[in-house]
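Here are my notes on the model, point by point. Please read them with the coordinates open.

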Amino acid sequence: MVRYAALKGLYDVDKTIGCGGFAKVKLGTHVATGEKVAIKIMEKNALGDDLPRVKMEVEALKTLAHQHVCKLYQVIETDSHYFMIIEYCSGGELFDHIVEKNRLTETESRKFFRQIVSAVAYLHSLGYAHRDLKPENVLLDKQQNLKLIDFGLCAKPKGGMQAHLYTSCGSPTYAAPELVLGAKYLGSEVDIWSMGVLLYALLCGFLPFDDSSIENLYRKILSGKYDEPSWLSCSSKRLIRSMLQTDPKKRITIQELCNHPWITAGFLNPVSFKKNTNFEKDKEVLVTMSAICHEDREHIWQKLMEGSRTDYRTATYLLLLDRKLRGLPLRLSSASRTHF
Ligand SMILES: O=C(Nc1ccc2c(c1)CCNCC2)c1ccc(-c2cn[nH]c2)cc1OCc1ccccc1
């Protein structure tokens, strides 16, 4: 039987490109537009207690729309599987990019780090904390733009960003001292620490706290002591110190980070967390869709607004919008008429 009957006619499925803990990522093609996508496949009964993470990720990604957050186009749920149709990031992991170049220059690091800060500032402005920021969760698209992935651990505390979280999660190597201690913590503050580890990895090519034994790793994190290689500039060292601050109350905040001299050096303006992608109403895209499915534009837009934001119609709209933003002609296969 066709392995993924639920995708038939909607997405062509190609090779597997990644296997995470409870998910497999395959390359795919959105049939109606011919656009490439990533298909994250999760087997329900293999998810176990990871099931809430999937629901958390879907809910978060449905809300989030930012140029540096990996876009969710569609969610298909069957009795046995979840399929998440996600933005194609052919640049692979930022981690591989760093390893390949040994380490990045200050200018290159700044370009990537500004994009991370912009994405995290946007998350925090909506009351979300990622809580699992690490190089493996930062992908690059074809234009070397950064895309944050894996919102399975992101939290939107009920009491807003000042409410304390307790679940210890994420990977120890990037975990802040208060997380390691199992103390109560603020999602926003642990994200700043993880971004400090990320910035260190960009500039140095290795991690500030690393040890094969988990006890030694924890001891190093709690000490807050790490090497400062000779090639680090003074301003880089100052910025990293302000992020890898063991006392979360003394740690730099996301707002201060957006305006930090190291971040703004060479740029005209501080990092803004304004997203430049909205779910804005695009006439040309709606005209293209209405030509195929013989519905008028308003009716299509209405259904898009009312829909769950994770159906084939939404995927088609967003992928056409992406094509337009890349200056490509809008095209739809007439066979797709029956699907939205
Ligand atoms: O599009 C994604 N990945 C991806 C696509 C194309 C290519 C590569 C990678 C690099 C490998 N050579 C072929 C080119 C892609 C998109 C989203 C997600 C994703 C979003 N939430 N969770 C996962 C994961 C993705 O991948 C995982 C991956 C696979 C191989 C290496 C690096 C990364």
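1. Start with Cys293. Cys293 counts as buried, at 9% relative accessibility. Buried means under 20% relative accessible area, exposed over 50%, and partly exposed in between (1.4 Å probe, protein chains only). Cys19 falls in another class: at 62% relative accessibility it counts as exposed.

2. On provenance, this is a predicted model: local features need pLDDT of at least 70, side-chain atom pairs count only at pLDDT 80 or more, and totals for chains, interfaces and linings use all residues. Residues are numbered from 1 along each chain as its sequence is written, and side-chain values use heavy atoms, with hydrogens and water left out.

3. Confidence comes next. pLDDT is the predictor's confidence in each residue, from 0 to 100. The protein chain averages 90, and 94% of the residues score at least 70. Among the elements, helix H8 (residues 234-243) has the highest mean pLDDT, 97. The lowest, 86, belongs to helix H2 (residues 51-63). Helices (H or I, at least four residues) and strands (E, at least two) are DSSP runs, numbered from the N terminus. The model scores are ipTM 0.95 and pTM 0.90.

4. Which residues are closest to the ligand? They are Ile17, Ala38, Lys40, Glu87 and Cys89, out of 16 that surround it. The criterion is a heavy atom within 4 Å. A polar side-chain atom of Lys40 lies 3.2 Å from a ligand nitrogen atom. Cys89 uses its backbone instead: an N or O atom there lies 2.8 Å from an oxygen atom of the ligand. On its own the ligand has 610 Å² of accessible area, and the protein covers 79% of it. Accessible areas come from the Shrake-Rupley method with a 1.4 Å probe; for residues, only the protein chains shown count as cover.

5. Strands S1 (11-19), S2 (24-30), S3 (35-43) and S6 (92-93) are the elements that give two or more residues to it. By class, the shell has nine nonpolar, three polar and four charged residues. Here Ala, Val, Leu, Ile, Met, Phe, Trp, Tyr, Cys and Pro count as nonpolar, Asp, Glu, Lys and Arg as charged, and the others, Gly among them, as polar.

6. How many disulfides are there? The count comes to zero, with a disulfide taken as a pair of cysteine sulfur atoms within 2.5 Å. For Cys19, the nearest cysteine sulfur is that of Cys89, 17 Å away.

7. Look at the loop between helix H11 (283-293) and helix H12 (297-306), where Glu295 is found. Glu295 counts as buried, at 18% relative accessibility. Its side chain makes a polar contact of 3.0 Å with that of His299. A polar contact is a pair of N or O atoms within 3.5 Å; within protein, one must be able to donate a hydrogen and the other to accept it, and residues adjacent in sequence count only if both atoms are side-chain atoms. His294 is found in the loop between H11 and H12. His294 is exposed, at 62%, and has a positive phi of about 50° although it is not a glycine.

8. Check Asn102 as well. Its phi is positive, near 70°, in a residue other than glycine. Asn102 sits in the loop between helix H3 (94-101) and helix H4 (106-125). At 48% relative accessibility, Asn102 counts as partly exposed.

9. Last, Leu332 lies in the segment after helix H13 (312-325). Leu332 is buried, with a relative accessible area of 15%. Its C-alpha atom is separated by 35 Å from that of Arg114, 218 residues apart along the chain.
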